[in-house]
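Dear colleague,

Please find the structure below, handed over for your own work. The notes after it set out what was found.

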Amino acid sequence: MRDHTIQNRLKRYLLDRLQLLNIEELELPAQAKNEFDDIYHHSILAGEGKSISYKSNYPVYQFLNYIIENKNVLVHGSNNPVINSFEPKESTLFNGRPIKAVFAASDGVWSLFFSVKNRRDYAGSLRNLCLTVPTKKGIRRYYYFSINNEDV
């Protein structure tokens, strides 16, 4: 256990020095947790796989990270409003290696990037990365997002 603690501290130290985008560990008040549990139970567990209308004063990435950390789910980010089923498609990994896959994330911010970016009409390079480090308080998240300048 001690080795993992030392490795995680070293990993966090190195990632902090890289100046990647990052967010702190998820620390939610009881009110937010109760609200997120209600949304999860009524719209996801009891839902029919339809879009949900997110109505909360808390940011959606916090909801997504909460259900990922507490409900054992992954999330898929897309701005395609009519996904009937997930099927593997040709894509490319961060290192440029081709792969046929369905992608899901264990991070809310990472999936939101794909729900906002219109990739259907995009022909440029799109690179992204999310790294996590367990801490005493939860999970510290680090991000790298890169798109071509002319697309900005």
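A residue is called buried here if its relative accessible area is under 20%, exposed if that area is over 50%, and partly exposed in between, with a 1.4 Å probe and protein chains only. This is a predicted model, in which local features need pLDDT of at least 70 and side-chain atom pairs count only at pLDDT 80 or more, while totals for chains, interfaces and linings use all residues. Residues are numbered from 1 along each chain as its sequence is written, and side-chain values use heavy atoms, with hydrogens and water left out. Helices (H or I, at least four residues) and strands (E, at least two) are DSSP runs, numbered from the N terminus.

Aromatic pairs and the nonpolar core

The model contains 7 aromatic pairs. Rings of Phe, Tyr and Trp (its six-membered ring) are paired if their centres lie within 6.5 Å; planes under 30 degrees apart are stacked, those over 60 are edge-to-face, and the rest are tilted. One of the pairs is F36 with F63, an edge-to-face arrangement with 5.4 Å from centre to centre and 70° between the planes. F36 belongs to helix α2 (residues 30–45) and F63 to helix α3 (residues 60–71), so this pair ties together parts that are 27 residues apart in sequence. F36 is buried because its relative accessibility is 0%, and F63 is buried because its relative accessible area is 3%.

F36 also pairs with Y66, this time in a tilted geometry: 5.7 Å centre to centre and 50° between the planes. That pair again links distant parts of the chain, with F36 in helix α2 and Y66 in helix α3, 30 residues apart. F36 and Y66 are both buried. Ring pairs join F36, Y54, Y58, F63 and Y66 into a cluster.

As background, nonpolar side chains tend to be buried together in soluble globular proteins. A nonpolar core is taken as a set of buried Ala, Val, Leu, Ile, Met, Phe, Trp, Tyr and Cys residues joined through side-chain atoms within 4.5 Å. The largest such core has 14 residues, of which L28, A32, F36, F63, Y66, I67 and V75 touch the most other members. Helices α2 and α3 each supply at least two residues of this core, and α3 gives the most, with 5 residues.

Salt bridges

There are 7 salt bridges in the structure, each being a side-chain nitrogen of Lys or Arg within 4 Å of a carboxyl oxygen of Asp or Glu. D37 and K71 form one of them, with their closest N and O atoms 2.9 Å apart. This pair also links distant parts of the chain: D37 is in helix α2 and K71 in helix α3, 34 residues apart. D37 counts as buried because its relative accessibility is 18%, whereas K71 is partly exposed, with a relative accessible area of 21%.

E27 and K137 meet in another salt bridge, at 3.3 Å from N to O. The two residues are 110 residues apart, E27 in the loop between β1 (21–23) and α2, and K137 in the loop between β4 and β5. E27 is exposed at 56% relative accessibility, and K137 is exposed at 52%.

R12 and D16 form a salt bridge with the closest N and O atoms 3.9 Å apart. Both lie in helix α1, 4 residues apart, which is about one turn of the helix. R12 is partly exposed at 26%, as is D16 at 28%. A network of salt bridges links R12, D16 and E25.

Strands are regarded as paired if DSSP finds at least two bridges between them. Strand β4 (residues 126–134) and strand β5 (residues 139–147) run antiparallel and are joined by 9 bridges. L131 stands opposite Y142 in β5. The two strands form a hairpin with 4 residues between them, and G138 in the turn has a positive phi of about 155°.

K117 is located in the loop between α4 (108–116) and β4. K117 is buried, as its relative accessible area is 14%.

Yours sincerely
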